[in-house]
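I opened this entry to look up some strands and charged pairs. My notes follow the structure shown here.

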Amino acid sequence: MASPEPTHASRSALLELRIAFLVVAVIVVSPGTCPESDGAEDVPPNAVPSEVHQVLGDGVVGAAEETRPLTDPIRLARWEPGEWTYRITSGEQRGQIEREILAPIDVTARGETWTRKIGKQYTLYLSRTAEGSLVLPSEITYAHKALVHFEPPLSYLIAALQPGEVREFDGKMNVYRVSKPTTRWYSGRIRATTVHAGVYQVTTPAGTFSATLVRTDYKIDILAVVSVTDTLYTFYVEGIGKVAEAEHQRISAMALFNTNTRIGKVLVDFTPMSPTDSGPPINQLQAP
């Protein structure tokens with residue numbers, strides 16, 4: 001989900017504030033940020049706004065199709081060891097490649113059983129609930145050597161989400177330095193609203209698919225000074241996982257700074273990493 005360009009504050013306190021913001025924004029940051037001057041579009045939560053088409057490119061998101069429930073996140077996200085290759089579609093890194101690697105791990109003290117590494121920027125630590133949803137208890141951002149704990153675990157992909165259904169999350173995030181994981185750096189509040197926003201035809205370099213769109217709106221507040229607002233549009237295809245993603249991120253820190261970025265990526269290829277359970281080739285999973 002490269003970090004925003006660093007600032008050169010004249011005072012160390014302002015620099016620390018900027019770093020603090022960057023760390024907390026890790027859940028909504030990905031390579032290829034593209035500054036914009038306008039705000040978020042005022043559209044219904046189950047609609048695809050024009051900014052998604054602009055970020056992903058012409059012809060990526062097509063016509064709406066018959067909707068269906070998000071019944072099994074494991075199938076929808078293709079939750080098995082593998083490597084997903086994406087092409088960045090906006091910003092300075094437009095056209096470059098980013099890889100996401102999903103792998104099982106021994107259960108951690110926080111109950112995490114999987115990691116998803118996003119390029120060289122960060123690693124998500126995930127687990128599955130008894131209801132079948134995927135949740136994110138922890139995350140590491142390498143650029144700032146920070147560990148983030150979410151209390152309760154942040155929703156990642158919600159089981160049994162019906163078309164048009166909205167789910168709310170309200171929790172706390174504690175940030176630690178990786179070198180001192182028992183000493184808290186600072187805390188913040190995070191709120192998330194997730195909606196099943198329909199099914200659409202999506203065309204990427206990997207093929208044309210019938211994809212379920214999950215929209216999540218995040219709001220993060222830190223130290224009563226920094227505010228992060230992010231809208232994330234993720235397109236999933238059963239048996240393949242994430243095939244496209246677009247997001248609009250807005251941040252502000254009182255009168256110190258404001259940013260407005262749009263980010264996008266589309267699937268190029270998927271490579272299974274488990275020879276005993278690789279599933280069908282990607283070209284056999286494309287929609288007719």
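I set down the cut-offs before reading any value: buried means under 20% relative accessible area, exposed means over 50%, and partly exposed lies in between. The model I am reading is predicted.

I looked up glutamate 165 and got 23% relative accessibility, so glutamate 165 counts as partly exposed. Arginine 167 has 30% and therefore counts as partly exposed too. The two form a salt bridge, with the closest N and O atoms 2.7 Å apart.

Entry on strand β12. I found 11 of the 12 residues of β12 (residues 226-237) buried, so the strand is largely enclosed by the rest of the structure. On one side I noted β11 (residues 207-222), paired with β12 in the antiparallel sense over 11 bridges. β12 also runs antiparallel to β13 (residues 241-253), joined by 12 bridges. In that pairing, tyrosine 236 has lysine 242 in β13 as its bridge partner.

Entry on salt bridges. I searched the whole structure and got 15 salt bridges. One of them joins the side chains of arginine 116 and glutamate 100 at 2.7 Å, N to O. Arginine 116 lies in β5 and glutamate 100 in β4, so this pair ties together parts 16 residues apart in sequence. I then found that glutamate 100 forms a salt bridge with lysine 242, with the closest N and O atoms 2.9 Å apart. Lysine 242 lies in β13 and glutamate 100 in β4, so here the parts tied together are 142 residues apart in sequence. I noted both glutamate 100 and lysine 242 as buried. Last, I listed the network of salt bridges that links Glu98, Glu100, Arg116, Lys242, Glu245 and Lys265.

Terms used. Residues are numbered from 1 along each chain as its sequence is written. This is a predicted model: local features need pLDDT of at least 70, side-chain atom pairs count only at pLDDT 80 or more; totals for chains, interfaces and linings use all residues. Side-chain values use heavy atoms; hydrogens and water are left out. Buried means under 20% relative accessible area, exposed over 50%, partly exposed in between (1.4 Å probe, protein chains only). Helices (H or I, at least four residues) and strands (E, at least two) are DSSP runs, numbered from the N terminus. Two strands pair if DSSP finds at least two bridges between them. A salt bridge is a side-chain nitrogen of Lys or Arg within 4 Å of a carboxyl oxygen of Asp or Glu.
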